[in-house]
Amino acid sequence: MVLERLSLEDYTIEIIDNPDALDEEEKKSLVSACIPVAREGFKNDDITENDIRIHAIEGTTGVYLKNKQGDIIGFGGSVSEIIQEKTVLHLKGTVLLPEYQGKGLYKIITPLRVLRESEKIGEDFYVGTRTQNPKVFGFMSRKLDLFPKASEQTPEEIRDIAEGYAKLVQEKHSDFIPKEGIIFNRDTSVVKRAYGYVNKDGEEFGLCMYGKNIPQSDYDVINKFIERNLDLNNGDALILLGKFDKERYLKVLESIIPTLDQERRLYMRFSL
């Protein structure tokens with residue numbers, strides 16, 4: 001069941017509350033539509049159907065972006081968790097088909113689902129995600145105030161929660177756990193071999209979700225941080241975490257929607 005449908009000029013955003021509660025046929029159809037989006041969006045055919053299912057429907061909120069023809073062209077999910085008595089909203093991986101990337105849509109989907117979740121869980125929570133993408137790192141750290149930052153120390157409280165969060169994400173929201181266990185660096189907020197797979201001979205390999213097509217941030221300091229601290233071919237990933245600030249998220253929506261030549265009602269519905 002679609003909780004809400006928001007119309008933009010060329011796109012429709014469908015928000016589904018608790019998509020895992022859909023009937024089996026609906027879930028099967030939804031996952032099937034998301035599989036090519038994930039594999040083409042990451043340019044990686046090694047992404048498993050189970051991993052796509054985890055990110056597409058196993059959450060408290062699912063956001064699905066459709067084109068004028070009604071085809072899913074992007075999606076993202078979220079789920080709230082309790083870590084060290086703190087509520088953390090885990091943002092599952094967001095992906096768009098290649099031809100729709102670079103149009104500002106990620107910057108709508110991300111704050112939109114966080115704001116939607118805040119209507120259910122209140123405003124006293126942390127926002128977190130896991131990524132290998134320098135562009136995501138740059139956006140999350142600069143615009144949404146998530147840590148780590150390329151040139152700023154991470155507060156100890158954030159480090160403590162991030163360590164527990166990294167473990168939870170690996171064990172509960174991933175289809176892969178490395179044989180050496182979950183290795184988290186508190187100084188860099190990097191998880192070693194967060195992404196990987198085991199071949200038919202039982203050999204374990206790290207996985208870069210983007211293959212050889214790693215996006216680059218517009219900010220060199222962001223790219224250098226990734227190059228210095230992550231071995232993407234080993235499957236390393238960055239844990240991002242920060243306190244929710246409603247005004248900050250609303251400002252992101254306000255800043256991006258005019259560039260899409262849209263009416264401001266998407267922003268206004270959350271600012272009333």
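Predicted model: local features only at pLDDT ≥ 70, side-chain atom pairs only at ≥ 80, totals over all residues.

Colleague: Why is helix H4 called largely enclosed?

Modeller: Seven of the 10 residues of H4, which spans residues 134-143, are buried, so the rest of the structure largely encloses this helix. The buried residues are Pro134, Val136, Phe137, Gly138, Phe139, Met140 and Ser141. Their cover includes strands E5 (86-91), E7 (126-131) and E12 (237-243), together with helices H3 (106-121), H6 (220-229) and H7 (246-256).

Colleague: What caps the N-terminal end of H4, and what follows the helix?

Modeller: The cap is Asn133, with a side-chain oxygen 2.7 Å from the backbone nitrogen of Lys135; the limit for a polar contact is 3.5 Å. H4 is followed by Asp145, which has a positive phi, near 65°.

Colleague: How do you know that the buried residues of H7 lie on the same side of the helix?

Modeller: The buried residues in H7 are Tyr249, Leu250, Val252, Leu253 and Ile256. They cover an arc of only 150° around the axis, and therefore lie on the same side of H7. At the N-terminal end of H7 the cap is Asp245, with a side-chain oxygen 3.2 Å from the backbone nitrogen of Glu247.

Colleague: Why is Gln170 called buried?

Modeller: The limit for buried is under 20% relative accessible area. Gln170 has 1%, and therefore counts as buried. Its place is in helix H5.

Colleague: Which polar partners does the side chain of Gln170 have?

Modeller: The side chain of Gln170 makes a polar contact with the side chain of Arg130 at 2.9 Å. A polar atom of the Gln170 side chain also lies 2.7 Å from the backbone oxygen of Phe176. Beyond residues up to four places away in sequence, Gln170 touches Arg130, Phe176, Ile177, Pro178, Ile182, Val191 and Ala194.

Colleague: What makes Lys68 and Asp10 a salt bridge?

Modeller: The criterion is a side-chain nitrogen of Lys or Arg within 4 Å of a carboxyl oxygen of Asp or Glu. In this pair the closest N and O atoms are 3.3 Å apart. Lys68 lies in the loop between strands E3 (61-66) and E4 (72-83) and Asp10 in the loop between strands E1 (4-7) and E2 (12-17), so the pair ties together parts that are 58 residues apart in sequence. At 62% relative accessibility Lys68 counts as exposed, whereas Asp10, at 31%, counts as partly exposed. The structure holds 23 salt bridges.

Colleague: Which salt bridge does Asp160 make with Arg186, and which residues are linked in the network?

Modeller: The side chains of Arg186 and Asp160 meet at 2.9 Å, N to O. This pair links distant parts of the chain, 26 residues apart: Arg186 is in the loop between strands E8 (183-185) and E9 (190-192), and Asp160 is in helix H5. Arg186, at 26% relative accessibility, counts as partly exposed, and Asp160, with a relative accessible area of 33%, is partly exposed. The network of salt bridges links Glu156, Arg159, Asp160, Glu163, Arg186 and Asp187.

Colleague: What is the average pLDDT of the chain, and where is the pLDDT below 50?

Modeller: The chain averages a pLDDT of 90, and 93% of the residues score at least 70. Over residues 259-272 the pLDDT is below 50; this stretch has 30 contacts in the model beyond near neighbours in sequence.

Note on methods. Residues numbered from 1 in each chain as written. Heavy atoms only, no water. Buried < 20%, exposed > 50% of the residue type's maximum accessible area, 1.4 Å probe, protein only. Helix = DSSP H or I, 4+ residues; strand = E, 2+ residues; numbered from the N terminus. Contact = heavy atoms within 4.5 Å. Polar contact = N/O pair within 3.5 Å; in protein donor to acceptor, adjacent residues only side chain to side chain. pLDDT = per-residue confidence, 0-100. Arc of directions from axis to C-beta.
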